[in-house]
Structures are given as C-alpha cells and as structure tokens.
Amino acid sequence: MTANGILQIALYFVVLVALTRPLGAYMAKVFAGERTWMHRLLRPLEAGVYKVCGIDEAGEQHWTSYAGALLVFSALSLLFTYLLMRIQQWLPMNPQGLGNVGEHLAFNTAASFTTNTNWQSYTPETTMSYLSQMIGLATHNFWSAAAGICVAIAFVRGFARHSMKTLGSFWVDFTRCTVYILLPLAVVGALLLVSQGAIQNFQPYTTAATVEGTAQTIPQGPLASQEAIKMIGTNGGGFTNANSAHPYENPTPFSNFLQMLYIFIIPAGLTYTFGKMVKDTRQGWALFAAMSVLFFAGVAVTYHFEQAGNPNLAKLGIESAATAGQSGGNMEGKEVRYGIANSALFTVITTDASCGAVNNVHDSLTPLGGLVPMINIELGEVVFGGVGSGLYGMLLFAVLAVFIAGLMVGRTPEYLGKKIEQKEVKMVMLAVLVLAFTILGFAGAGANLGTVGSSLGNHGPHGFSEILYAYSSATGNNGSAFAGFNANTPYLDTTMGLAMLFGRFLMLIPLLAAAGSLAQKKLVPVSAGTFPTHGPLFVVLLVGVVVIVGALTFFPALSLGPVVEHFLMHAGRLWS
Amino acid sequence: MATTMTPPAADPVTLMPKKGSRARPLFDPPIVRRALTDSFLKLNPRTMMKNPVMFVVEVGAAITTLLAGKEMAGGAGVAGFTFQITLWLWFTVLFANFAEAMAEGRGKAQADTLRKTKTETTARRLIDGRKTETVAATQLRAGDLVLVEQGETIPGDGDVIEGIASVDESAITGESAPVIRESGGDRSAVTGGTKVLSDWIKVKITSNPGETFLDRMIALVEGAQRQKTPNEIALNIVIAGLTLVFLLAVVTLQPFATYSVAASGSGTVPSVTVLISLLVCLIPTTIGGLLSAIGIAGMDRVMQHNVLAMSGKAVEAAGDVNTLLLDKTGTITLGNRQAVEFIVVGNIAEADLADAAQLSSLADETPEGRSIVVLAKQKYNIRGREVAEHEAHFIPFTAQTRMSGVDLDGRRIRKGATDSVVEFVHEHGGTVPTELMEVTERIARSGGTPLVVADRDRVLGVVHLKDVVKGGMRERFAQLRAMGIRTVMITGDNPLTAAAIAGEAGTDDFLAQATPKDKMDLIKKEQAGGRLVAMTGDGTNDAPALAQADVGLAMNTGTMAAKEAGNMVDLDSNPTKLIEVVAIGKQLLMTRGALTTFSIANDIAKYFAILPAMFMATYPVMGKLNIMGLHSPQSAVLAAVIFNALIIIVLIPLALRGVKYKPMSAAALLRRNLLVYGVGGVIAPFPGIWLIDRLLGILRLA
C-alpha cells in the first residue's frame, strides 16, 4: 500500500461523508412529500405522472398491496424488455443491424435488469441495439433502482410509523424517487462524465485503422446518459463489454472518482434518511459506521493483496514493488490509469453495493483480493449496498443482532421502539434463508455439471470460485463476474436468471411483510432499560453479526475456493 | 383500593433476596436420578421433534449409528472413529435432555409434595345452614357451604362466611406460622389443603373439583400445561432458521468437495460421519439444548421465591415491565405510623409533653400508641410505669370522639385529632395558642399526622406521627430507575402527604387519593403509551386492575377474586416482591440471550478445527488453517464434537441458575454480557478443543 493510494481512499471517504447528510435529508423530504428546492422545476412532472397514470397522491397501501404493486410493475416491465429484445431487429435505432436476442439470453437479461442485477451474459456492442439499450435497459436502471429504494423506505416506515396498517403508496414513492432523486442525479452525473470525455451520440460504429494497419471497429452510442444512472442506481450494466474500464465509459481518474462516488451516494444518504424518518439521526449514523467498518476492512484486504501481487512472479525476478514510476502489485486485468489503489477501491465499492460495474477484471484478482468481493456479495451487499437494498439488508441484520444479543439486557428484543417478535423474526430468517439457499443451492447443483464445467475459464479452486461468484453475483443482484466464465449457455442463463429473481423478490416479500407487522405495533418509549442501538457498542455488535452469520454460512465454500487458492499460490502450485 | 395489610418483616434489601423455603440444592440427588431416566425417555422422536435443533442431532446420531454398525460388521473395532462420533452425538442429545429433565424434575418434586396434601379429604357439608353431612371433598361444588373445625383440613378453596380461625397454610406457602382467617374483609379467602389449627369457620366453596388453587398449582409447577412463551417461540424460529442455513452449508459442501477432489486429483470427499459432525458442531446446539431448561428454571426460580406464576408469559413480561405501580402502605412504608417527634407549644417543657403522651398511650395497643411509648423512652428515658396502683381510667379511641387518653390522679390527658382535642380544651375553658395550628399544618404538609396532646384546659403540644418508609427503598428505586423502570406510588392519602412520602421514598411519581378507577385509568394510560405495567393487589376491588396489568401480582392473603385476576400469586403476601419478580424475568431473558450469543460465537473455532481436517487430504495446504495444531484430522473432528457435547453439561448450572444479574443500565449490561458471552464465546472453544485433542492423543483414542 502506498501513501498516495491511502490518501486517495481517504479523500473518497471524506467526500462521501460530506454528501451523506445533505442528500439524506433531501431524500427524507422527498418521501415525506414535503416541498424541496427542486419542486419549482420538477413538481409539474410529478403531478403530470399522477394525472396520466391516475395515481392518488394521498393514497396509502397495506404491505400486501405495496408488494403486489411492486411485483406487478416488475413483471410487466420484465416482459416488455424481453419482448423488445426478441424483436429488436425490426425496430428502429439499430444502425448496426443487430439481430434479435435469443430466448434464454433475453430472459436472463430481462431478469437481470429488472432485478437491478445487470449481469450481462452478452457482449453489449454486438448484441443490443441502441433502442434496446435505451428503452429496454436504461429504463430499468431507473425503475429497478427506484423500486429498491421504495422497499427500503417502506421498510423504514415500518419502524417510523406506529399503530398503522399501511406503509405508504408504492406508486407515489416510485414516482417521487424517480422524478426528484434519480433523474436530477443522472442528468448532472451524465454531464460531469461528458466533461471528462464520455461519449453521447447515435452514430454507427466507427472503423479505424490501427498502428499495425489492421481495421478496428470502435463502438459509439448514447453512452454517458446510461453511464451515470448505471452507477447512481447501483445497476452496473455497462454499455460496453469492458464496462467502466472502457475509456468511453470511464475516461479519466476523475471520472473514476465520480463513478465510485455515484455508487455510494444514495446508499450512504439513505442511512441519514433512515435516521431522519425514525426521528433519531444517531440511529442512521450507527448503520453508517457499521458499514464503514466493513468497507474499510474490505478495502484494506483487497488493496493489500493486490499490491502484494503474486509471489511466483516475484520469484521469477519480475519487479512487483510500487515505485515512483509504476504501481507494482498485481496489474493483470487492471487499467494503468487507475493503478492498484483505485482498482482495489472500485472492486470493493462495486461489490459492497449491488452495483457490479467493474473497472478491472475481478477474475484476475489475487485469491484473497477476489475473496473480498465475493464475501461482500454473500453478506447480502449491506456495506452501503445497493440503492435501497443495502439499507433494508443492513436493517435486516440489525433486527437479527438485536434479537440475538438484545435479550442480554433482560428485555424482549426491541429495535427503534418496536418489539421484535415471532412474525418479524420469521420473516427476517426467511430472507436470510433465501439468500443462502439460492447461492449455495444453485452453486451446489452446478458444481459438478459438465455443462457448467465447460463454461469455466480456469480449473482448480479458481474454477470453483468462478461458479460460486457467478451465483453469488446473480442472487445478490450484483452483476459483476469472474469474467473467465462463459455464462451464455441455456442452463446458466436460465438458472442465473432464476437466482436473480429469487434473490430479489423472495427477499422483498418477507421484508415488506415484516414492515407491515412492525407498522401496526405500538411504540415502546425509550428508557435506561432500552437496548441502545446508536452507540459504538451496537456498531461492533452489528458488524459481528454480519460477519459471523454471513461468514459462517459461506466459509466452508470459500475455503475451497479463494482460501485454498491463496495457500496453493504461496506453495507455488498454479492452475491453468 | 387495597386495604392495609401487615407484611412480614422486611427482608434486608437486595434486588435478588434470599430464596424462600422452597429452595433446593441445584443437584438434588433424587432429582438427578429421575432426570437421568427421563433423558432417555425423551429420546422418543415424537418428543424430540418439538425441538428442531436437537432433533437434527438425533437424526444425525441415528445415521452414524447405522454407519458404525456397518463398519463394525465389517470388522472395525469399538474404538473406531465412527463409533466414537456416534457415541458423542448421542451424548449431545442426552445432555440436552438431561438439562430439560433436571429443570422439570425440580418442579415435579415440588408437585409431589403438594400432592401429598391432596390426599382424600372429607368435608362436612352444611344442609339448611345447620345440619351437616359428610361427603368426599371431590364432590364439593362451587356454592356449597362447609363447616371446618379444629384439626380438620379445609376441603376446597372458598371464602369464610362465618367464624374466625387460625390456619396452617404451610402446605401451600411453605410458611409454618399460622395465619388468621375470618369472615368479611380481605382475609376471608381460604385454600383447599390447608389446615384449621384452632376454632372453627364456615366456608363457602368457590371452585369446582379439579379447578382448585392446589390443582392449578400442581399443574403449574409440574409444567403439565407448559406452553412456550412468545419470546421462546421467536428464539426457536431463529435457531431453527440458522440450523437450516447450516444444513444447507454442509449439504452443499458435498458437491463442492467432489469438485475439489476431482480438481486436485487427490484425497476423498469427506465421509457422511464427518459432514454430520460438522453440522452438529455448527448448529446452535448449546442454546437449542438448554432453551427449554432455561424457561422451566425461570419459572422454578419464581417459585423458589414463593411466587406462583400462572404462565411463563407472565414471567417474561415481568422482564419487560416499564412501570411499577406500588401500593404505599405495606410496600413502600411499613404501614404503621410512628411517633418521631414531640413538639411543644407555648412554654411547656418538652419532657412534660412526652410524659403526658406516654401516660395516655400506656394502654394503647395500636402501633401508633406503642411507638409513642418507645419514643418517650428513647428521648427522655421515661420508663413504662405500673399505672394500676393509681386510679387510672383509660379512655379508648372511638371513631366518634377521635381521641383517646387517660384520667389519672385528677389529670385528664387526651391525645387525638386536632379539632377534637381543641374542642375538648375549649369545653374545659381553656384557650388554644395560635402556634398550634402552625405546627399541625407543618406536620401535615410534610406527610405526617399531627396528634395533639392536652391536659384538661391546657394544650401541651403535638406528637408528630410519621408513615415510616422501609429501609433501603430509596436505593432500590434508584436501581430500578437505572434499569429503566419507573415507579409510581399508589395511595389513598391526600396529594400533599403523598407527595411528601413519594419524595422521601424516591418513587418517580405518585397517584394520590387513588380510587380503583384511577388505578385502572393509570394502567390503561401507561399501556396506551406502549409501556408494560406491573402491580400488586389483594382486595376484590383490585381485581379489574390486576387483570388489566401486564404483570398482576396478587397476595395470597387476598380475596379469591384478586387471585383469579392476577397472573401471579405471592404466597408470602409480600408486595415488595414485585421487584424481585421483575429481576427474575430479566434474568430469564438475559440467560437466553447470553447462551444464544455464546452458542453462535462458538462456531468460529469449530470451523478452524473441522475444515482443515476435512480437506487436508485433498489440499495439504489447508493444514495452514489448523491454527490450533490439532494432531490428526480424526481427533480434530472428534475434539470439536466432544467439546460441543460437554459445553452443554458445563452450562447446565448456568441455565438453571440464570446468569448473574446486577441492576444497571441496558448499555452497561450489554457491554458486560457481550464481553463475557460474545467475546468469551469466540475464544473459549479454542483452548477447549485443543485440550480435548491432547487428551484424545494421550488416551490413544484418535
């Protein structure tokens, strides 16, 4: 690790902390329906949506209707995107004349974008028309992000409200989130990226002659507009196959800094929104602190091992120490313009959140450097996490932590004045089970299948890591990959599509059910006997529960993947 | 409003006081013997199924038994690995069963004692109010009238409608001192199975056979109707959920291992025995095995304090209580006003006032009267005198005159309520100094009662009677406050007096001139704010409030209606015990939390023991994870399984006794317990497993 690298990571965090409060407070106002400074500009749009769609702005929904609305909307938009890709050949805005997308790939992709996963089993430049990208995929970048935030807000309302049967209106929350939060951020974000050199056009691909004299096709397209929401909505689906490593998507170190910031601002801001909504911002900062601890732990491990590089290369006399002239470390699969620190940082951020955009090849990370993104996803992406999903995921762990350890203060568990009882616990455990079952179940089923084996880019433990990473990424709705893995096969497209849908919707339903039950409860007043959930002690406890519950579930699997690969690498045993 | 009751002498004040007469040693030999048998009986899968975690262990044990049998048929020795694992898996199940049986056994032993008093009792049923017929006690119905005389056992629960008798209630309360039961008032309730020691009473039976207090008590302590409490159910869901997660983690390890073995080209896929061992070590067996024992033991601890909890839910609710409603009289104060000061008016000598007050009180047997004699002796060394030699004529207190006194040697000394004595002085042509009113008002304002003393036409002064707050109450309320519990004093006194006493005792609030309706309203108001309320009561008019409160502790001396309405009955009739009940409730919840945390924290070490052992043949580098340096894969697995089983036995005393509880804020408690059971739970298994591994090596078992 270099001082320069550490300084850049520190700078990133300072800016993030500074943005958390203003954005969080703004979002709290938006969801409370209060007037903000954006109202003069955007209120007509919001009101227009209500009018056109026939939405009752003052409407309220029971958790079942709330969940129902979300599911119906997701199902319809999934179907729309699926159909669009299946007939894109006959539709406009397809200058390259790309053909229709095959059925299992179209299903996988539609599921992927609907669930905020943005796993890409395809190469965008040679598969998706501009129309499919913009109408089919970029729209989902807004919708799936808004849907995730809505669930988080509804879940928080479960704590913030009392003696109420409703959680708010999905349609209103969804509209406000899109209009007041995602749209302005995406516009400003896109313009900033354009300023750094990201492209935005509808031209056909450019053909250029390389220095060696061969012809090269350079893709074009409306890139910057998609790039911003790709990060802000923690979607991660790149316009190009190289994703954020592509110079058109992420041209400069500053654009790289912006992209990393885009990923975390809404998830970080939501912790403050949460604090505002439950009328105790210390509660929000406690979650923020727990997330930060896990974030720095991840960054430290990945940065350390990436900088340390592969000892076998060093033995061959290859210089891998950082010097003034070179970054050193494991540079395989990394862009020189980001170096080790910003690649490691990006990797951790994109997997802490459910973003999945990459600026380096995760498959080429050192074993333990690659262990971190995998664990991040398997913990449920609760370190700031996906937009909305990070907050509700962390709240799920908070409920669990309070339940397990809260008894130790001699009272039945309560969190934020709400008693945690049978129903909540059942729903929370259900959500935990869904995550574990989907990841381990699919990975276990696929581990010894020939069809999966032939997709692997590597053998040995690393091949196993590729399988585990793929299903973790799908279930966790992350979308990044150990890219040696060829996922575009009927079996993998289908099972991973299902994993994405399970990981998203089978988690949401129990959580909304728990929120519905919480909202109905009375508020227990705080006293000296109340389990304190805002101090450093709770932060430690929460981190402990996240790590232990998460790690205990996945440690056996991880030990056969990255852990053993690490030991083998140091023993000099390598795999093709 | 609850009327005055005379409590037993206050215990020295600690939050967890000495146990009542029902305390038994933790490992009472007869109970242990019975528990040993029961542990095997509980192996019945139908019983085990109620405990998902331990059921998984039993199924695992059954599978390895088959495997061990197969191995032995194939010629393997008894010391074989599979055989040893099987043995320890069965031990794990048995240890958990033993813990539960131990907890139950204590209740059963209690029930047996109670049952002895329920031997065939006969009753003398009254017909037409005069003649009696002898019937079996079991034939009595609610509404029957029975006559019980000296030496007879009261045949059923009821109310005394005529007569007065001293009754031995030791069968129920464990307290050998007899109590008085008489018709009318709040001391009219008698319990079936208790014995009349002197005199006779007529009792109206209030319960039908099988529904008597004794029946209910037996059922309760035996745990026959034991239902899981809400928190216990929720905790069961969590540990069952974790069990499922681990089941999944272990089941999928098989295909993962298959891949790895194929990839590395060496080693074998871990055997089913090893996979089951890993599973058993990971699932929360410690809390799973001890959970029901903790609950039963919690109820038992309440019982040892001579409180009968009608449900485990009530005990759990006690831990959650936010507001304690405490009757002033008998709970906060000793219940008797006592003389604390002689205040003279005019130019009377203080000793003269004391002398007159003492004289007038010599024949006064009320606690107030006695306290005046005591104070006079303490302050002025005025001794008790033999007044018989004088021409003494004592005038007793009546509700009409509202004063008492003595006529002696021509003196006419009176003491009593201010206006009565003032009138008496006026009648004798005397005048009242103005300063008297100042003094009496000052006393009233401070929460005391002024007792004016006069001799014919002369006002001598005032005796300050004070409601004496029990020693240590202030500290106790401070402790409760630290625990986040608000105390509210309930009294029939006027607000002025109430405020003074509440201030002196240190309660957070008070409810003065309280009617039963006021009390009810207060409870409802607190509950509407999300708070849980506990209260004590004994009178029939307390019954609605006792039923409304989340924890209603009825006094055994109280009426049947009160006992029916509350969800706990204090057999000692000591209302202060409400505080202990709260402490026990908290302790119960803390024990659950502590063992859950400990159980989950333990898993980390077990991974480090078993995972390298599993895969060292496939990937020899996995040996680097063997940070404990366990000497062979087999002994590592065995050591983890043995540790997992033994920790249950080690923790049985903790489960039965409850974790140590000192009143402090939640934040402080959490810090302490998280350190002991969380951090301790992570660390403890490392040396434990290492030690067992060494022993296995020395004994050449693996």
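## Ser389(A) and the basis of the model

Ser389(A) is buried, with a relative accessible area of 12%; buried here means under 20% relative accessible area, exposed over 50%, and partly exposed in between (1.4 Å probe, protein chains only). This residue lies in helix H14 of chain A, where helices (H or I, at least four residues) and strands (E, at least two) are DSSP runs numbered from the N terminus. Leaving aside residues up to four places away in sequence, Ser389(A) touches Gly148(A) and Ser354(A), contact meaning heavy atoms within 4.5 Å.

The structure is a predicted model, in which local features need pLDDT of at least 70 and side-chain atom pairs count only at pLDDT 80 or more, while totals for chains, interfaces and linings use all residues. Residues are numbered from 1 along each chain as its sequence is written, chains are lettered from A and ligands numbered from 1 in the order in which they are written, and side-chain values use heavy atoms, with hydrogens and water left out.

## Confidence

The model scores ipTM 0.92 and pTM 0.86. Chain B has an average pLDDT of 85, and 93% of its residues score at least 70; pLDDT is the predictor's confidence in each residue, from 0 to 100. Over residues 1–21 of chain B the pLDDT is below 50, and this stretch has 50 contacts in the model beyond near neighbours in sequence.

## The interface of chains A and B

Chain A places 60 residues in contact with 64 residues of chain B. Between them the two chains bury about 5,400 Å², 77% of it on carbon and sulfur atoms. Buried area is the accessible area (1.4 Å probe) that two parts lose on being put together, summed over both. In chain A, the residues that lose the most area to chain B are Met408(A), Leu552(A) and Leu560(A), together 14% of what that side buries.

There are 14 residue pairs in polar contact between chain A and chain B, both residues at pLDDT 80 or more. A polar contact is a pair of N or O atoms within 3.5 Å; within protein, one must be able to donate a hydrogen and the other to accept it, and residues adjacent in sequence count only if both atoms are side-chain atoms. On the side of chain A that touches chain B, two or more residues each come from helix H14 (389–406), helix H15 (422–446), helix H17 (460–475) and helix H19 (536–570). H19(A) gives the largest share of that side, 14 residues. By class, the side of chain A that touches chain B has 40 nonpolar, 14 polar and six charged residues; Ala, Val, Leu, Ile, Met, Phe, Trp, Tyr, Cys and Pro count as nonpolar, Asp, Glu, Lys and Arg as charged, and the others, Gly among them, as polar.

## Gly444(A)

Gly444(A) is found in helix H15 of chain A and counts as buried at 9% relative accessibility. Not counting residues up to four places away in sequence, Gly444(A) touches Pro255(B) and Phe256(B). The C-alpha atoms of Gly444(A) and Tyr338(A), 106 residues apart along the chain, are separated by 36 Å.

## Salt bridges

Side chains of opposite charge can pair when their charged atoms come close. A salt bridge is a side-chain nitrogen of Lys or Arg within 4 Å of a carboxyl oxygen of Asp or Glu; by this rule the count over all chains comes to 46. One salt bridge is found across the interface of chain A and chain B: Lys419(A) pairs with Asp320(B), with the closest N and O atoms 3.4 Å apart. Lys419(A) is buried, with a relative accessible area of 12%. Glu414(A) also forms a salt bridge with Lys419(A), at 2.9 Å between the closest N and O atoms, and Glu414(A) is buried at 4% relative accessibility.

Glu46(A) and Arg43(A) form a salt bridge with their closest N and O atoms 2.9 Å apart. Because these two residues are three residues apart in helix H2 (residues 39–53) of chain A, about one helical turn separates them. Glu46(A) is buried, with a relative accessible area of 1%, whereas Arg43(A) is partly exposed at 26%. A network of salt bridges links Arg43(A), Glu46(A), Glu57(A) and Arg176(A).
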